[in-house]
Amino acid sequence: MEKLTRVSTISGRTMFCHLDAPANAISVCRDATQVVVAGRNIFKIYGLEEDGFVERLNLRVGRKPSLNFSCADVMWHQMEENLLATAATNGAVVMWNLARPCRNKQEQLFTEHKRTVNKVCFHPTEVNMLLSGSQDGFMKCFDLRKKESVSTFSGQSESVRDVQFSIKDYFTFAASFENGNVQLWDIRRPDRYERMFTAHTGPVFCCDWHPEDRGWLATGGRDKMVKVWDMSTSRVKEIYCVQTIASVARVKWRPERRYHLATCSMMVDHNIYVWDVRRPFIPFATFEEHKDVTTGIVWRHQHDPYYLLSGSKDSTLYQHMFKDASRPVDRANPEGLCFGLFGDLAFAAKESLMSAPPSVGDVGRKTYPGGDRRYPIFFFKKPDVTEQFEQVSSALSVFESEAGSSVGMDWFINTAQSYLLSGKPFGELCEHNAQVAKRLNRPQESTTWTMLRIMFSEPANPSLSSNHNLNKSGNLPLVNRKLKEWIKDVFLCAENEETEGSEGQAEYLFGDAELDDDDLYSMEHDNQAEEPEYLLPQEAFPLRHEIIDHPSAPEPVQERPESPHVSGSETESTCLTSTESFSLISVSQLLFSPHLPPKFFCPIVKEMLCYYAEQGDVQMAVSVLIVLGDRIRKEIDELTQEHWYMSYIDLLQRFELWNVSNEVIKLSTCGAIMCLNQTSTTLHINCSNCKRPMSNKGWICDRCHQCASVCAVCHHVVKGLFVWCQGCSHGGHLEHVMEWLKHSKHCPAGCGHLCEYT
């Protein structure tokens, strides 16, 4: 009856108030009538009234408040309503007593931590016990009746991000670390943790014990995941996993709802999400009021699931009413479409739509073994009064690609492995990649690489390209062999004509009978007088296969006194074939300058890269971007480049092309991409005997003076590849451990741990 009475007195609505400064953490008192807000420049207590928040007390007193008021975390005692604890950024743990008659409510100060304290936590049933976790890697347990800590726990890691006492186990607390590990400790044994496991691939920022299930622990990390672990078994087991869109900064179980928890992000995302861990792909409810990163969340009462309090960097304090939350399931699309790596197409839709009579387009649809090939998939509707997702059956159809079809991805793998992105001159890189594309039957990509070589290679440097030299007159670069062949086909039957030109130079292109087999040259011709150009009649360009007899030459231009005389040999010349004379087409002036700078082609290349990216060929876009380097990089904004890089790296990693992926990351100039292979690269090694960190680079521990890396099977020092069990820390030579675990699951060191090699 006490529980029901306390809950019935809570009422309110969605409301907010503006704060004097951004908040880092919030905590609510036991009777849910007051909330404390703490930050670097704010430390106040607000009352929760029907009409809104009312400021009750400002704890930052004095003309020059010390760093003890700069709070990274705050906790309100759930048994003693006048006690508060804060974690200061200067490494101090401060106790506050609201019952003190003076203005300064500070009662105790613990200064044993050397760096910022990230978290403080009161014991749920022991009044005088306080736990803290710091950036220095230590956890300290304080007895409020004493002036110093009673126990110190070393996590043997860089920093402790969160500590939480178990609600059901009196002596147990959990700690999360920046190296991705979670440790379980017994407060009676400060020398060694009871259990440790790797929870996330990166820092673990938060953890929270389930208020009802004794062994459930929720953790959130930088890998954008929320995981629920079952600690009641002999081996830690992951039972639920929720994928979010940003790093998880806070996680709190929802009261009276076994499968619901609330999360907020450390950056990028400003919303607060309530998840049903059984349906991890879409949030159950969303609070979207904050305009900046949410820094603290807490349910208003431990037995009330309908009110949530939150503080943010936007200097606001909110009380969210659950019925006002938005439901993403109401806007969810019930249809889905996805391509597989090998060309298979999966399509999901409502059962009512998929039950229609088959049409002509359903011929290629593959059926499931034993009947219609359908998997039941549940899409979400509006939750009912019991706040459960309504389960709606939907159908999934899979269209399998035929073996050897063109939708296979072998070309992608071969291209990624064969392309050269660095290590050679620009011209050679383009030439090599063009040959690779041509060999894989990708003519468009091959031509693109060839044109890039022509456009951006230096004509005066013959080492860049064997087919890219200067012409005889020193004016125009040589035309590519393919371009020459195209010109020969088009102008094969052109008449040998002389055109009156303007004063100055005129440029000519000659047929292959006059030139060698490799090059085309431009030649100069001096005109004596200015005359309009002679336009070739349409008959001068008949199709090659239609030519039977050589057509007669066009009528010569009428002579004028000021025009040059036409020689008889020129007027009597006929149309050229592949074995006769040469064809001559004169151009009065050049369309472009003979020396075009590379930046002239940058807009065209930018369009081409965007085209490839829009077509889904990010491989071509990223490869060209890397090879061209500074020639084109400044033309494309960094966000677009980052998007292309991330898409290509994701594809490479899905095909397990790790070396190519790492090469792309190394050659990138985007800061967000370059740091991808720089995270989680530090390996902290502890001695297997004394469990202390190894400070030197040898095989001898400088504390216990014993060999740290001794094989548990052969008992010799491991000087090469070393493999160890993360559960018991024993290991040895890779070959020896693999051979041992083939016939035994127990640790070869005899500790009794059940080791597993994966």
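The following legends describe several close-up views of a predicted model.

In this predicted model, local features need pLDDT of at least 70 and side-chain atom pairs count only at pLDDT 80 or more, whereas totals for chains, interfaces and linings use all residues. Residues are numbered from 1 along each chain as its sequence is written, and side-chain values use heavy atoms, with hydrogens and water left out.

**Figure 1. Overview of the protein and its secondary structure.** The protein contains 13 helices and 37 strands. Helices (H or I, at least four residues) and strands (E, at least two) are DSSP runs, numbered from the N terminus. Of the 758 residues in the protein, 45% are buried. Buried means under 20% relative accessible area, exposed over 50%, and partly exposed in between (1.4 Å probe, protein chains only). Among the contacts (heavy atoms within 4.5 Å) with a separation of 6 or more, 49% join residues 24 or more positions apart.

Figure 2. Helix α8 comprises the 13 residues 602–614. The expected span of a helix is 1.5 Å times one less than its number of residues; for α8 this gives 18 Å, which agrees with the 18 Å between its end C-alpha atoms. The buried residues of α8 are C602, V605, M608, L609, Y612 and A613. These residues cover an arc of only 135° around the axis, which means that they lie on the same side of α8. The arc is that of the directions from the helix axis to the C-beta atoms. On the face turned away from this buried side, α8 carries the exposed residues I604, E607 and E614. The cover over the buried residues of α8 includes α5 (443–456), α9 (618–628) and α10 (638–654). Just after α8, G616 takes a positive phi of about 95°.

**Figure 3. Packing of α5 against α8.** Two packed helices are described by the angle between their axes and the distance between the axes. The axes of α5 and α8 come within 12 Å and cross at roughly 160°. Axes are lines fitted to C-alpha atoms, for helices over the stretch in contact, and angles run from 0 to 180 degrees between N-to-C directions. The two helices α5 and α8 are therefore roughly antiparallel, a term for angles over 145 degrees, while angles under 35 degrees count as roughly parallel. From α5, the residues Q444, E445, T448, L452, M455 and F456 meet C602, V605, M608, Y611 and Y612 in α8.

**Figure 4. Packing of α5 against α9.** The axes of α5 and α9 come within 12 Å and cross at roughly 20°, so α5 and α9 are roughly parallel to each other. In α5, E445, T448, W449, L452 and F456 meet M620, S623, V624, V627 and L628 of α9.

**Figure 5. The covered helix α9.** Helix α9 is mostly covered, with 11 of its 11 residues buried. Its buried residues include V618, A621 and I626. The cover over them includes α3 (410–418), α4, α5, α8, α10 and α11 (658–667). After α9 comes G629, whose phi is positive, near 65°.

**Figure 6. The surroundings of H432.** H432 is found in helix α4 (residues 426–439). With 29% relative accessibility, H432 counts as partly exposed. Leaving aside neighbours within four places in sequence, H432 is in contact with S418 and L420. H432 and S446 are 14 residues apart in sequence and 9.6 Å apart in space, C-alpha to C-alpha.

Notes
Parallel < 35°, antiparallel > 145°, perpendicular 65-115°, else oblique.
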